[in-house]
Amino acid sequence: MDSFGRKVDYLRISITDRCNERCLYCMPEGYKGWERMQDHLSADEIVRVVRVAAGLGFRKFRLTGGEPLVRHDIFEIAGGIKKISGVGVIGLSTNGLRLAALAKPLREAGVTAVNVSLDALDPGIYKRVTGGNVEAVLAGIRAAIEAGFERVKLNCVLMRGVNEREIWPLALFAAEHELPLRLIELMPLTRTDVLTEEKFLPAGEAMQLLAQRDELVPQPNTKIGHGPAKYYLLKQTGALVGFIGALTNLHFCEACNKVRLTADGHLRPCLGHHGEHDLKPGLRPAVDKAVLHARFAQALAEKPTEHVFRNNWQPQRIMTAIGG
Ligand code: SAM
């Protein structure tokens with residue numbers, strides 16, 4: 001429990017800050033602020049941190065980045081985590097580019113749930129937002145469905161003037177494949193000109209756009225996975241759409257259940273606060289469990305009541321290093 005009585009049992013792990021896409025809102029073209037490779041945790045170190053976290057009561061783990069599938073030892077990491085007693089869920093967040101080839105072995109290695117980023121279906125818009133090829137991602141989504149994960153979800157970051165006309169096609173796609181679609185408000189996590197007031201599309205407006213086409217039926221008891229989305233069912237199409245109003249929902253942090261592990265081994269209690277606790281002194285040169293326990297306890301004790309994105313927030317680290 002944190003000091004506000006929230007049960008915190010979810011660790012999101014950025015296993016790399018490298019990525020094979022260049023999303024406008026995340027890691028823009030020309031970005032050079034990489035963490036040093038020697039600061040990245042090894043597969044063995046990540047598994048050790050998870051073992052400590054599981055011993056403290058953490059049950060859900062998510063491998064993210066950067067793009068976790070650019071790391072060649074991803075199977076070693078997932079397989080090592082799977083063996084730890086107490087681990088309930090091993091999620092993976094991916095842009096899907098490499099998923100067509102990797103979905104099946106990832107499932108076999110122990111990954112239970114996959115979130116795929118899909119900001120547009122239109123190949124030109126997708127390329128403009130991410131720099132990538134949407135056909136590869138769609139093949140990845142099909143492979144993930146076939147691989148039999150317990151859950152596959154789609155994530156779309158909302159941007160006015162960029163992808164709002166993709167929201168309806170994405171909802172139809174989600175209905176057709178029976179996958180939940182989550183629409184995420186743009187968060188101020190990178191230094192780039194896309195994070196302007198004009199580009200910000202509130203979740204409420206996305207809801208209105210969908211409501212022009214179909215009736216939205218609230219699903220107050222629907223909880224899919226462990227994220228903060230509020231779900232609605234589109235009555236005619238059958239699409240299940242979750243809204244993540246990180247900025248406009250003033251209750252957003254009330255049920256926060258997570259802590260993040262950055263690519264360079266820092267525990268970060270909140271995405272929208274700068275505070276971090278370096279775990280590396282508890283891992284290098286030798287494992288010191290007392291240090292690891294103390295840093296986890298500190299991170300929980302200092303987990304703030306809410307993010308301060310609305311308070312003239314200036315990011316110091318971009319999303320990819322922190323772990324989205
Ligand atoms: N590469 C993986 C992926 O594409 O899912 C994992 C890392 S990515 C940082 C995780 C999620 O964070 C993605 O769904 C991405 O769209 C989201 N994200 C990144 N920057 C964001 C921002 N500024 N605002 C809102 N969501 C963001």
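In this predicted model, the side chains of H266 and D264 come together in a polar contact of 3.2 Å. H266 belongs to strand β11, which covers residues 266-268. With a relative accessibility of 15%, H266 falls under the 20% cut-off and therefore counts as buried. Beyond its neighbours within four places in sequence, H266 touches R260, L261, E276, H277, D278, L279, K280 and R317.

Strand β11 takes its place in an open sheet of 12 strands, ordered β7-β8-β9-β6-β5-β4-β3-β2-β1-β10-β11-β12, with mixed pairing. The edges are held by β7 (216-218) and β12 (277-278); each has a single partner strand, so one side of each is left without a neighbour in the sheet. Elsewhere in the sheet, β3 (residues 89-94) and β4 (residues 113-117) run parallel and are joined by four bridges. Here, T94 is found opposite V116 of β4.

Helix α5 itself is made up of 14 residues, 134-147, and spans 20 Å from its first C-alpha to its last, close to the 20 Å expected at 1.5 Å a residue. Its buried residues are V134, V137, L138, G140, I141, A143, A144 and A147.

At the start of α5, N133 places a side-chain oxygen within 2.9 Å of the backbone nitrogen of E135. Just after the helix, G148 adopts a positive phi of about 80°.

Technical notes
Residues are numbered from 1 along each chain as its sequence is written. This is a predicted model: local features need pLDDT of at least 70, side-chain atom pairs count only at pLDDT 80 or more; totals for chains, interfaces and linings use all residues. Side-chain values use heavy atoms; hydrogens and water are left out. Helices (H or I, at least four residues) and strands (E, at least two) are DSSP runs, numbered from the N terminus. Buried means under 20% relative accessible area, exposed over 50%, partly exposed in between (1.4 Å probe, protein chains only). A polar contact is a pair of N or O atoms within 3.5 Å; within protein, one must be able to donate a hydrogen and the other to accept it, and residues adjacent in sequence count only if both atoms are side-chain atoms. Contact means heavy atoms within 4.5 Å. Two strands pair if DSSP finds at least two bridges between them. The expected span of a helix is 1.5 Å times one less than its number of residues.
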